[in-house]
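Look over the model before reading on.

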Amino acid sequence: MSELRCGCPGCHCDVDPERVFNHDGEAYCSQACAEQHPNGEPCPASDCHCERSGKVGERDITNNQLDEALEETFPASDPISP
């Protein structure tokens, strides 16, 4: 069985198949990596500092914030008045 690498930009961790964190069809080694370190949470691997990755830092908002914003837009329109 081949090793599964974490989908977090800059992360070099392998994903434990018994503790996989999924987000948008991608596998991650931790919840922090799955959420792209929105508040600078460190990677659980002491020798990995993917939270400092430029690709992660370029994100202004997290996927969770996008999901919440999307939920707040429903219903997309008011029902038609009689």
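Q: Is H37 buried or exposed?
A: This is a predicted model, in which local features need pLDDT of at least 70, side-chain atom pairs count only at pLDDT 80 or more, and totals for chains, interfaces and linings use all residues. Residues are numbered from 1 along each chain as its sequence is written, and side-chain values use heavy atoms, with hydrogens and water left out. Buried means under 20% relative accessible area, exposed over 50%, and partly exposed in between (1.4 Å probe, protein chains only). The relative accessible area of H37 is 5%, so H37 is buried.

Q: Which backbone oxygen does the side chain of H37 reach?
A: A polar contact is a pair of N or O atoms within 3.5 Å; within protein, one must be able to donate a hydrogen and the other to accept it, and residues adjacent in sequence count only if both atoms are side-chain atoms. At 2.5 Å, the side chain of H37 reaches the backbone oxygen of E41.

Q: In what order do the elements of the protein run?
A: The protein has 3 helices and 2 strands. From the N terminus on, the order is β-β-α-α-α.

Q: How many disulfides does the count come to?
A: A disulfide is a covalent bond between the sulfur atoms of two cysteines. The rule applied here asks for a pair of cysteine sulfur atoms within 2.5 Å. By this rule the count is 0 disulfides.

Q: Which residues have the most contacts inside the largest nonpolar core?
A: A nonpolar core is a set of buried Ala, Val, Leu, Ile, Met, Phe, Trp, Tyr and Cys residues joined through side-chain atoms within 4.5 Å. The largest one has 14 residues, and those with the most contacts inside it are C6, C11, C33 and C43.

Q: With which residues is C6 in contact, leaving aside neighbours within four places in sequence?
A: Contact means heavy atoms within 4.5 Å. With those neighbours left aside, C6 is in contact with C11, C13, V15, A27, Y28, C29 and C33.

Terms used:
Helix = DSSP H or I, 4+ residues; strand = E, 2+ residues; numbered from the N terminus.
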